[in-house]
Amino acid sequence: MSAEEASTIQDEAPVEVPQKKGKQGKYRRDKPWDTDDIDHWKVEEFKPEYNPAPFTEESSFATLFPKYRENYLKEVWGHVTRALEKVGVACVLDLVEGSMTVKTTRKTYDPYMILKARDLIKLLARSVPLPQALKILEDGIASDIIKIGNIVRNKERFVKRRQRLLGPNGSTLKAMELLTQCYIMVQGNTVSAMGPYRGLKEVRRIIIDCMNNIHPIYHIKELMIKRELAKDPKLAEENWERFLPHFKKKNTKPQKKKISKKDKKDYTPFPPAQTPSKIDIQLETGEYFMKPKEKEARAMERKKEEQKENSLKRQAERELAYVPPVEDAPKKKKKKSSKDE
């Protein structure tokens, strides 16, 4: 190998990228293709050209539906079949078992579409209308079925808190839909929600807190403030904690009275003295050993003494009526002097 060839090999050798100091950036390298104008959260459309070959295995999902949904599903099943055929998914409605099934075919090109079809039949079983349920097949829209039946044990309390989600004339539910950009359907022991992932996260938090006795109006106020703050570009990178309201739970239980130091009694290891009974008192006075006639005579003497005391009190009260009241002395009139005349 000549000197010229050795120099060219050294020139073509890859240049080492300087590593970042510290454990956090030990294995990180610069990414020249990753620029600031790239939206990492954007959902790219999956085209048939990306997966021309069919799947090697068939995937299928099935779900049961209640009896009252049978007539509606029979009417709209043709629309469901045509919508799923466009994305290469087959569907079967079994009225005997009361179930709906979706499965992949050789025309299916999007591997995630079978999961979207599974969510579609789940929403149809939870009384979501077909035009709204078909939106789940679009990119960027997900669904969440929240179980609320096992959060509250008392049935009356459960019904009241579920009604609290709807509000008067459905106003609370409408406000939640506008702020979270999600479709919400309260049905039986579940709540079905459709929309973007961020909105579904807020919906789940509001519904679970409502079933745990936190009113949805508190979360609605918080979402309204966040929406107004997001419009201001100056506050985009600041912490919004100081702008959000903090609601404290009021203690409705009666508070126990605080015992002052004066009321506290000195601790004694001995129990309190027992109150004397009637027999103990008779033993002390000697009445217990007296004969029945002597007991009667003593009782008569006590009764006579009490009668005398009462008669003296009544007599004193009667005599008070004959005591003349104290009259004020008449005031002397001043004589007019000659100077005044």
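Two strands count as paired if DSSP finds at least two bridges between them, and that is how Val 89 comes to be listed opposite Thr 104 in strand 3. Strands and helices here are DSSP runs numbered from the N terminus (E, at least two residues, for strands; H or I, at least four, for helices). This is a predicted model, with local features needing pLDDT of at least 70 and side-chain atom pairs counting only at pLDDT 80 or more, while totals for chains, interfaces and linings use all residues. Residues are numbered from 1 along each chain as its sequence is written, and side-chain values use heavy atoms, leaving out hydrogens and water.

- Three strands make an open sheet in the order 1-3-2, and the pairing is antiparallel.
- Strand 1 (60–64) and strand 2 (89–94) sit at the edges with a single partner strand each, so one side of each has no neighbour in the sheet.
- From one strand to the next, the twist averages 15°.
- Strand 2 and strand 3 (residues 99–104) run antiparallel to each other, paired over 6 bridges.
- Helix 2 (residues 70–86) packs on this sheet and touches strand 2 and strand 3, where contact means heavy atoms within 4.5 Å.
- The direction of helix 2 makes about 165° with that of strand 2; axes are lines fitted to C-alpha atoms (for helices, over the stretch in contact), and angles run from 0 to 180 degrees between N-to-C directions.
- Helix 3 (residues 113–125) lies across strand 1, strand 2 and strand 3, at about 170° to strand 3.

- Another open sheet has 3 strands in the order 4-6-5, with antiparallel pairing.
- Its edge strands, strand 4 (142–147) and strand 5 (183–187), each pair on one side only.
- Ignoring direction, neighbouring strands of this sheet are turned by 15° against each other on average.
- Strand 4 pairs with strand 6 (residues 190–195) over 6 antiparallel bridges, and Lys 147 stands opposite Thr 190 in strand 6.
- Strand 5 is joined to strand 6 by 5 bridges, again antiparallel, with Ile 184 partnered by Ala 193 in strand 6.
- The hairpin of strand 5 and strand 6 has 2 residues between the strands, and Gly 188 takes a positive phi near 65° there.
- Strand 5 has 4 of its 5 residues buried, so the rest of the structure largely encloses it; buried means under 20% relative accessible area (1.4 Å probe, protein chains only).

**Nonpolar cores**

- A nonpolar core is a set of buried Ala, Val, Leu, Ile, Met, Phe, Trp, Tyr and Cys residues joined through side-chain atoms within 4.5 Å.
- The largest one has 29 residues, and Val 80, Leu 84, Val 89, Met 100, Val 102 and Leu 124 have the most contacts inside it.
- Elements giving two or more residues to this core include helix 2, strand 2 and strand 5, but the largest share, 8 residues, comes from helix 3.
- Not counting residues up to four places away in sequence, Met 100 touches a group including Phe 61, Trp 77, Val 92 and Leu 124.
- Apart from this core lies another, of 22 residues, among them Ala 142, Ala 193, Ile 207 and Met 211.

**Helix 5 against helix 6**

- Helix 5 (residues 155–166) and helix 6 (residues 171–180) pack at about 55°, with axes 4 Å apart.
- That makes helix 5 oblique to helix 6, since angles under 35 degrees count as roughly parallel, over 145 as roughly antiparallel, 65 to 115 as roughly perpendicular and the rest as oblique.
- Arg 164, Leu 165 and Leu 166 of helix 5 meet Ser 171, Thr 172, Leu 173 and Met 176 of helix 6.

Key
Buried means under 20% relative accessible area, exposed over 50%, partly exposed in between (1.4 Å probe, protein chains only).
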